[in-house]
Each structure stands twice: as C-alpha cells, then as structure tokens.
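Hi everyone, thanks for making the time this morning.

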Amino acid sequence: MRRTCHVACHRIFRRHSSSAAASLLLVGVDSGTQSTKACVFDGRTGTLLAEASAANTIHSPIDGHAEQSIGEWRSGLFAAIRDAVALVPKERQAPVGAIGLSFQRESFTLVAPPEADQELVPLRPAILWLDGRADGECEVIRRAAGATAVTADHYHEVTGKPLDVTSAMARMQWLARHEPSVLSQPHHWVDCGAVLSHALTGNLTTCVAGCDTAGLIDLSQRQWSLPILEAAGLTLEQMPLLAEPGELLGGVSAAAAAELGGSVSAGCPVVAAGGDGQVFNLGMSAGNGGRGAGGMMLTLGTSVVLSVGSTSASIAPAYRTLAAADGLSYTMESVVQSGTLILKWFVAEFGAGDGFDHWGRAVRHTHF
C-alpha cells in the first residue's frame with residue numbers, strides 16, 4: 001500500500017513540482033479491492049507523515065460473481081483522504097499541494113450519462129476483476145474464430161491481453177445476454193480510475209496505464225480500439241477520456257473540497273498515477289523506465305502477480321502486456337487471481353472461529 005501511494009505521489013512530483021509545491025503535502029491514493037488507502041507525504045523530503053484506509057466490501061450474489069458499489073469507492077476515497085490528512089502531526093501540517101490516483105484494474109460498471117456537478121448514477125454494481133461470469137462468452141469468441149470481426153487472436157494482438165474472463169468485451173457481451181434492460185438505458189462505461197477522477201474533479205477521465213488491462217485499448221496507439229468497442233457494444237462517446245501516467249486529471253471541485261471537510265482546497269491538482277499493479281511495479285523498481293532490460297517482481301496480495309519490465313510491447317500467450325506506469329515502457333504480467341483472498345476464505349471456513357490475523361501471527365511464530 002505505502003509503496004503504491006508513494007509512487008502515486010512521485011507521479012505528481014516529477015511533472016508538477018516547484019519550489020513552492022515542495023513545501024506542501026502530497027497525497028497518494030490506492031483504491032484497491034479490499035480497501036481504499038491514502039498516504040500523506042512531505043512534498044520536500046518524501047517522508048511518510050500519515051496514512052488511513054476505508055474498507056471495501058465484495059459482494060457475491062451468485063457463485064463466481066464478484067461485485068462492489070461504486071458509491072463505496074467514492075465514499076472510501078473521501079474518507080481515506082480526509083482521515084489521513086487529519087492524522088498529520090501538528091508540526092508537519094501544511095496545505096495539500098496535489099493528489100495522485102492509483103486504482104484497481106479491470107473492474108467497471110455502467111452509469112447514467114454524467115451531469116455537471118452531480119454524482120455518477122450507477123445502473124448496476126461494478127463487476128470486479130476477479131469475477132468469473134464471462135467464461136462462457138470467452139469460449140463463444142474463441143470458437144467463432146474467423147466468423148466475427150474481433151477474434152481471440154486479433155483481440156490479443158491489439159490489446160496485448162489474452163482473452164479471458166477479465167475482458168470487458170466478454171463481460172459486456174454477458175450483460176447483453178443476461179441484463180439487456182441495463183444496456184437499453186443511456187449509459188457510459190467507467191472503470192475505477194474514472195470513478196475516482198470524477199468524484200474529485202468532476203471530469204470523467206482514467207489512466208491508460210491501468211485501464212488498458214480491461215482490454216478495450218489499442219496498446220500500440222494508447223487509445224480506445226474502435227473495433228473492440230464495437231464488439232463490446234460501446235461507442236467512443238460512452239467512454240472516459242484517457243490520460244497518460246503523470247498527467248493532470250483536473251482540480252478538486254468545490255463540491256469535493258466540501259466533502260473532504262476542508263482538508264483539501266478546491267483547485268488542488270489531481271494527477272493520474274495508473275493501475276495499482278503497474279504503479280506498484282514501478283515503485284519496486286521492477287520496471288525499466290525505458291533504459292534497457294527491466295527487473296522482475298512477484299506480488300503476493302489479493303492476487304499473485306509476476307511482472308517483468310521491457311522496452312518493447314512483446315506479445316505472447318504466457319502473459320499479458322501492459323502499458324507501464326512510467327509512461328515509457330511496458331510490463332509483461334502473469335496473474336493467479338486467488339492469492340490472499342483464498343487464504344481468507346480458508347480461514348473463515350476452517351479457522352475454528354479465529355480470524356485471519358490470529359493465524360497470521362501463529363504462522364510468523366512457527367519454526368519449521
């Protein structure tokens with residue numbers, strides 16, 4: 001969490017720093033699957049001053065489905081920032097100079113067309129990255145090789161992502177088959193990054209390095225792929241704007257500043273950092289920053305992720321290729337979705353009433 005938030009702040013500092021801004025506070029946000037976290041750093045030294053988090057709830061209405069409320073993403077964002085800023089030691093307090101946003105990837109929902117100065121209105125809960133409902137749609141696409149405009153091979157070549165259940169295209173086809181009443185309403189497609197950006201700035205914008213994992217972006221162009229949008233039943237007008245890592249998403253709106261309780265002033269810059277996995281990869285120096293062969297990183301979190309940095313967008317079935325959070329290079333990523341999440345399930349089912357923390361302490365004090 002701290003590393004991801006720290007890099008979210010580094011994105012601010014690289015492109016938006018000044019001698020005046022260096023004396024301010026920087027806030028890094030990491031909106032993940034299980035919680036939304038905010039860390040406050042000294043803008044001059046990068047020292048961590050305070051942190052806070054707000055829990056997110058995963059709902060499974062049907063076996064294999066995983067959903068969240070985007071209202072919870074929004075409320076958790078404000079609560080985490082507000083609480084973290086309030087925890088800054090009195091002698092280190094200063095105005096917040098900027099906020100950097102990182103976010104969970106592949107999770108998305110549909111909302112009513114946004115209205116100025118109004119909260120987003122979801123038409124259904126967000127479908128999370130670990131949701132498996134679209135497996136049947138993926139199989140239909142694979143079997144229709146050559147008979148459809150977007151085949152599985154073409155999808156992989158354009159997006160850098162092997163077709164699987166995290167594909168927004170496959171999930172949109174699932175919605176068309178199972179929830180046509182939702183799609184019959186005027187709607188916009190939003191990922192977690194767009195929801196956070198809209199909550200703080202009023203602008204519906206997300207980051208290329210993060211949103212690309214949903215499989216709707218042409219990786220070579222770093223823009224929405226029109227053929228894949230069409231296959232997903234979407235148009236360009238229904239999509240968020242795209243920003244590169246480190247680019248300005250907008251300023252904190254007056255309404256957001258009020259909801260933050262005055263802890264952040266209206267107009268405070270909000271900067272795109274990227275998807276949580278890409279940002280964490282950069283923070284652990286596993287990327288290459290465009291400087292040759294990259295490092296390797298293994299993450300044991302909600303999911304298990306192996307990442308390798310590269311200067312080129314290599315495409316292969318063994319991994320998915322991502323836009324890196326440095327805005328220059330690429331990340332090759334292999335994922336096992338059930339990491340600590342399955343451990344928490346195991347403890348809940350077979351832990352004899354003791355919580356995850358109890359068994360974590362027991363493991364730490366066990367000698368093998």
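A quick word on ground rules. This is a predicted model, where local features need pLDDT of at least 70, side-chain atom pairs count only at pLDDT 80 or more, and totals for chains, interfaces and linings use all residues. Residues are numbered from 1 along each chain as its sequence is written, and side-chain values use heavy atoms, with hydrogens and water left out.

So, the overview. The protein chain has 13 helices and 18 strands; these are DSSP runs numbered from the N terminus, helices being H or I with at least four residues and strands E with at least two. Of its 368 residues, 53% count as buried. Here buried means under 20% relative accessible area, exposed means over 50%, and partly exposed is in between, with a 1.4 Å probe and protein chains only. Among contacts with a separation of 6 or more, 65% come from residues 24 or more positions apart, where contact means heavy atoms within 4.5 Å.

Now the inside. Which residues have the most contacts within the largest nonpolar core? They are Ile-81, Ile-99, Trp-189 and Leu-216, in a core of 83 residues. Helix 2, residues 70–86, gives the most to this core, with eight residues. A nonpolar core is a set of buried Ala, Val, Leu, Ile, Met, Phe, Trp, Tyr and Cys residues joined through side-chain atoms within 4.5 Å. Leaving out residues up to four places away in sequence, Ile-81 touches Val-27, Val-29, Ala-38, Ile-99, Leu-200, Leu-260 and Val-264.

Next, the hairpin. Strand 2 (residues 35–42) and strand 3 (residues 48–55) run antiparallel and are joined by seven bridges; strands pair if DSSP finds at least two bridges between them. Five residues sit between the two strands, and Gly-46 in the turn has a positive phi of about 80°. Lys-37 stands opposite Ser-53 in strand 3. Ala-55 is also found in strand 3, and Ala-55 counts as exposed because its relative accessible area is 62%.

On to charges. How many salt bridges are there? The count is 17, taking a side-chain nitrogen of Lys or Arg within 4 Å of a carboxyl oxygen of Asp or Glu. One of them joins Arg-74 and Glu-259 at 3.0 Å, N to O. Arg-74 lies in helix 2 and Glu-259 in helix 10 (residues 254–259), so this pair ties together parts 185 residues apart in sequence. Arg-74 is buried, at 16% relative accessibility, while Glu-259 is partly exposed at 34%. Another bridge joins Asp-212 and Lys-161 at 3.4 Å, N to O, and both of those residues are buried.

Last stop, the surface. Ile-342, Leu-343, Trp-345, Phe-346, Phe-350 and Phe-356 form a nonpolar patch there, with about 630 Å² of accessible area together. Patches take residues with over 30% relative accessible area and no salt bridge, joining like charges within 9 Å and nonpolar side chains (Val, Leu, Ile, Met, Phe, Trp, Tyr) within 5 Å; accessible areas come from the Shrake-Rupley method with a 1.4 Å probe, and for residues only the protein chains shown count as cover. Helix 12, residues 340–350, supplies the largest share of the patch, five residues. Phe-350 is found in helix 12 and counts as exposed, at 54% relative accessibility.
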